[in-house]
Amino acid sequence: MREVDEIVHTCRHLAAEGLLVGTGGNVSMRTGGSILITGTGVVLAEAVPDDIVRIDLTGRQVDGRVRASSESLLHARLYAGTDAAAVVHTHSPAATAVTLLADELPALHYQQLQLGGSTPVVDFHVFGTSALADAAAAAITGRQAVLLAHHGAVAIGRSLTDAAKNASLLEWACNLYLRAAAAGTPRSLSPKQLAGVAEAATARGYGTRQPR
């Protein structure tokens, strides 16, 4: 199945980037009335098609050779509250480090507009719980990513490629914040500055390939 192969490829790609470490994290894709998601205990850098299982839109497993991810409910709630086609959850080091220092990742660079501007840090909740799933779903409204305190990050997208790019962008922005914070107090962009960038990006088709 093409979707399963795409999830496997994404897992391996994100692991190679250092965003998915060992069994930490999970990846999913919405397919009609159900969700394909990585199984629990899967070493994501070595994922194979049999490691991908199917859950329904409530998070209940309906198919697969291994047990579904412990964060199935988190993924299900994110799909229920957004129009996302894919979800990437990481325990990436820079994103997790930021959750130990701040209540949000401020908008330091205009590329963060792709994520919705600043990224909130959701209060700590035990993994796999309804409390975590509800908090993340509420915080991601109007955004493409949220940070989970003492845990990691979640990114969504209109496709699995988009969700993976958003996870990578978030990790880059978190690294930027940590490097700036090590030297002083980072300065964030104002709402007016962000609005100006958004207007210019729309007018110029920023971020898209265009004929000369």
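H150 is found in the loop between β8 and β9, where helices (H or I, at least four residues) and strands (E, at least two) are DSSP runs, numbered from the N terminus. This is a predicted model, in which local features need pLDDT of at least 70 and side-chain atom pairs count only at pLDDT 80 or more, while totals for chains, interfaces and linings use all residues. Residues are numbered from 1 along each chain as its sequence is written, and side-chain values use heavy atoms, with hydrogens and water left out.

H150 has a relative accessibility of 54% and therefore counts as exposed. In this text, buried means under 20% relative accessible area, exposed means over 50%, and partly exposed lies in between, with a 1.4 Å probe and protein chains only. The phi angle of H150 is near 55°, a positive value in a residue other than glycine. Most residues other than glycine have a negative phi.

H151 also has its place in the loop between β8 and β9. With a relative accessible area of 11%, H151 is buried. H151 touches E71, H89, T90, H91, T96, T99, F127 and L132, leaving aside residues up to four places away in sequence; here contact means heavy atoms within 4.5 Å. H151 and A97 are 54 residues apart in sequence, and their C-alpha atoms are 9.0 Å apart in space.

The view may now widen to the whole chain. The chain contains six helices and nine strands. Its radius of gyration is 17 Å, close to the 17 Å that the globule rule gives for 212 residues, so the chain is as compact as a globular protein of that length. The radius is taken over C-alpha atoms, and the rule is 2.2 Å times the number of residues to the power 0.38. Along its principal axes, the C-alpha trace spans about 50 × 45 × 30 Å. Of the 212 residues, 45% are buried. Among contacts between residues at least 6 apart in sequence, 63% join residues at least 24 apart.

What lies inside the chain? The largest nonpolar core has 39 residues, of which I7, L105, L147, L170 and C174 touch the most other members. A nonpolar core is a set of buried Ala, Val, Leu, Ile, Met, Phe, Trp, Tyr and Cys residues joined through side-chain atoms within 4.5 Å. The elements that give two or more residues to this core are α1 (2-17), β1 (25-31), β5 (86-90), α3 (93-99), β8 (145-148), β9 (152-157) and α5 (160-183). The largest share, nine residues, comes from α5. Apart from this core lies another, of 21 residues, among them I37, V53, I140 and V154. In soluble globular proteins, nonpolar side chains tend to be buried together.

M29 has its place in strand β1 and is buried, with a relative accessible area of 8%. The contacts of M29 include I7, L36, Y79, A85 and L160. M29 and A85 are 56 residues apart in sequence and 5.9 Å apart in space, C-alpha to C-alpha. T38 lies in strand β2 (residues 34-38) and counts as buried at 1% relative accessibility. I7, C11, V27, I52 and A68 are among the residues that T38 touches.

Which residues of α2 are buried? They are S72, L74, H75, A76, L78 and Y79. These buried residues pack against β1, β2, β3 (52-56), β5, α4 (130-139) and β9. T82 lies in the loop between α2 (72-81) and β5. Not counting residues up to four places away in sequence, T82 touches R30, I140 and I156. The C-alpha atoms of T82 and R143, 61 residues apart along the chain, are separated by 9.6 Å.

Another loop joins the account at G22, whose place is between α1 and β1. G22 is partly exposed, with a relative accessible area of 35%. With residues up to four places away in sequence not counted, G22 touches V42, V43 and L44. G22 and E46 are 24 residues apart in sequence and 9.1 Å apart in space, C-alpha to C-alpha.
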